[in-house]
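Student: I would like to learn how to read individual features in a model like this one. Please take them one at a time, with the general idea before the case.

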Amino acid sequence: VCLGRRRKNAVSSSPLSSPVTLAAVRKRFRGEETHSAMEQREEVSSFVMRLRRVIQRRPIYAVLLVSSAVAMATIAIAMRADLVFKDTVTLPPIVSSDVTRGIVKSSLNEELARYRAEETRTGRSGYPPVVKLPSNKKIRILVTGGAGFVGSNLVDRLMGEGHEVTVLDNLFTGRKRNIEHWLGHPNFNFVVGDVVQPIMLEIDQIYHLACPASPPHYQYNPIKTIKTSTEGTLNMLGLAKRVNARMLLASTSEIYGDPEVHPQVESYWGNVNPIGPRACYDEGKRVAETMMYSYQRQVGVEVRVARIFNTFGRRMHPNDGRVVSNFIIQALQNKDITLYGDGSQTRSFQFVDDLVDGLIKLMNSNYSYPVNIGNPDEYTMASFAHMIKRLTNSKSTIVSLPATTDDPTKRKPDITVAKTKIGYAPQWSVQQGLEETIAYFKQELEDMGEIIPTGPLASKPRPLASDERAAAGASSKDKKPRGGRHVSPQA
């Protein structure tokens, strides 16, 4: 039907669906028909040419043809075996048309499944290529926050290694487009859900990344941020305990607060304001670490804790309000590059591929204490702004605005533990990473049009064009802001 668009009555006129005689069967198989041999050859030649053209347009039809031929050959052999003992006899139908179609359909399904699996492994199906692993080496992995910036890059690596990955994300800061290239893959599963609600899965490893990480986003709903870090972590630890899974917590360098020790080592307890605007995130992660080690000591859950320093790269949210995304978006649009404070505060930046490498190495290591994962290359905010301006060939002006509350004055990781215990060291230079990130944001601007970067105040992660922002601001003038605080139109 697929190849030749045959008439609907083709099946009903088949010798398989009506009584036949041995003489009739012999006549059909020997070609003793009313048509001449020349007419038969022309008909066969015409059909073969049409078949070739169809297969060239749609190679999958070759699989259908082979499957149908195998099924029909089996039926023909069975039919001839039943007729070998009688010369002329009227027989009941050997195989009904429904059974014939069932045999063909079953064979087709098997061939198509093998075809799809091979296409998926080689990348010809549209999915990125993946390694074929035997079932006893596949790891079932849950990534919470897997549709976000870091999570989606981690998912790419895990899927490429051939593992089975489930993403749990409520899409507050994550974006479905970050993982859409895996949707429908047999090794991938996407669950829209929230970690503050318990979930029942059978998994071997948990990468717990779920939580807004940019100050404007986690300050937008501080109570929910605390719940994500506490109740969400508690739920994931309960799951890890039930299924005996190993769990990695994506903690943060923010647990060090405004540090008095420089560079920061894992043994430093930090200098955090427990009641400031950033405390919902800082203290939430500190409590999450406490929960991890309490579960390890009391019930034996295998835990890993990664203290992540400033990270940038592809799939950053265009409006996350972080320094790298803001500087690049402003520079590419030749708008003022905004520094909060005098620009003397320092940060250390790592490219997202290095972070993913560190997370996987830590998860699969035998080291269970906290580990700093970052790049010790340190920049002042002023020098970093000039660097981005140079790399983007921007005409922007660098301007200073008032400093934000509780903004750390310096940040630099000591990665001695990462080097000695898990074999981690950053491979990307900051400039290499920025060049790739700038290319990513150029594409974002082409797709979205003008982007107004998020300011330092609390903001929901929803990228809008400037006219939509103006309309949203006008419609909300008479509304009381969340928590009674002022939210600027820019935020």
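Tutor: Begin with Pro263, which sits in the loop between strand 5 and helix 8. Helices (H or I, at least four residues) and strands (E, at least two) are DSSP runs, numbered from the N terminus. The model is predicted: local features need pLDDT of at least 70, side-chain atom pairs count only at pLDDT 80 or more, and totals for chains, interfaces and linings use all residues. Residues are numbered from 1 along each chain as its sequence is written, and side-chain values use heavy atoms, with hydrogens and water left out.

Student: Which residue does the cis peptide bond join to Pro263?

Tutor: Most residues other than glycine have a negative phi, and most peptide bonds are trans. Here His262 and Pro263 are joined by a cis bond, with omega at about -10 degrees.

Student: Where is the positive phi of Leu171 found, and what is its value?

Tutor: Leu171, a residue other than glycine, has a positive phi near 60 degrees. Leu171 belongs to the loop between strand 2 (164-169) and strand 3 (188-192). With 30% relative accessibility, Leu171 counts as partly exposed; buried means under 20% relative accessible area, exposed over 50%, and partly exposed in between (1.4 Å probe, protein chains only). Asp406 also has a positive phi near 60 degrees, in the loop between strand 13 and helix 12 (416-421). Asp406 is partly exposed, at 34% relative accessible area.

Student: How many disulfides does a search of the whole structure find?

Tutor: A disulfide is a pair of cysteine sulfur atoms within 2.5 Å. The search of the whole structure finds zero. For Cys211, the nearest cysteine sulfur is that of Cys280, 8.1 Å away. Seen from Cys280, the closest cysteine sulfur is in Cys211, and 8.1 Å is too far for a bond. Cys211 is buried at 16% relative accessibility, and Cys280 is buried at 7%.

Student: How many aromatic pairs are there in the whole structure?

Tutor: A pair of aromatic rings is described by the distance of the centres and the angle of the planes. Rings of Phe, Tyr and Trp (its six-membered ring) pair if their centres lie within 6.5 Å; planes under 30 degrees apart count as stacked, over 60 as edge-to-face and the rest as tilted. The search finds 12 pairs. One of them is Tyr256 with Tyr268, stacked at 6.0 Å centre to centre and 20 degrees between the planes. Tyr256 and Tyr268 are 12 residues apart, each in the loop between strand 5 (246-252) and helix 8 (279-299). Both tyrosines are buried. The ring centres of Phe327 and Phe384 are 6.4 Å apart with planes at 35 degrees, so this pair is tilted. Because Phe327 lies in helix 9 and Phe384 in helix 11, the pair ties together parts 57 residues apart in sequence. Phe327 and Phe384 are both buried. They also belong to one aromatic cluster with Phe312, Phe349, Phe351, Tyr379 and Trp428.

Student: Which residues of helix 11 are buried?

Tutor: In helix 11 (residues 381-391), the buried residues are Met381, Phe384, Ala385, Met387 and Ile388. Viewed down the axis of helix 11, the buried residues fall within an arc of 160 degrees, so they line one face of the helix; the arc is that of the directions from the helix axis to the C-beta atoms. Their packing partners include helix 9 (323-332), strand 13 (398-401) and helix 13 (430-448). Just after helix 11, Asn393 takes a positive phi of about 50 degrees.

Student: Which residues does Arg347 touch?

Tutor: Contact means heavy atoms within 4.5 Å. Arg347 is in strand 9 and counts as buried at 8% relative accessibility. Leaving out residues up to four places away in sequence, the residues touched by Arg347 include Asn310, Asp377, Glu378, Tyr379, Met381 and Asp407. The C-alpha atoms of Arg347 and Tyr379 are separated by 5.6 Å, although these residues are 32 residues apart along the chain.

Student: At what angle do helix 5 and helix 10 pack?

Tutor: Axes are lines fitted to C-alpha atoms, for helices over the stretch in contact, and angles run from 0 to 180 degrees between N-to-C directions. Helix 5 (residues 149-160) and helix 10 (residues 352-363) pack at about 65 degrees, with their axes 10 Å apart. Among the residues making this contact are Phe149 and Leu158 of helix 5 and Val352 and Ile360 of helix 10.
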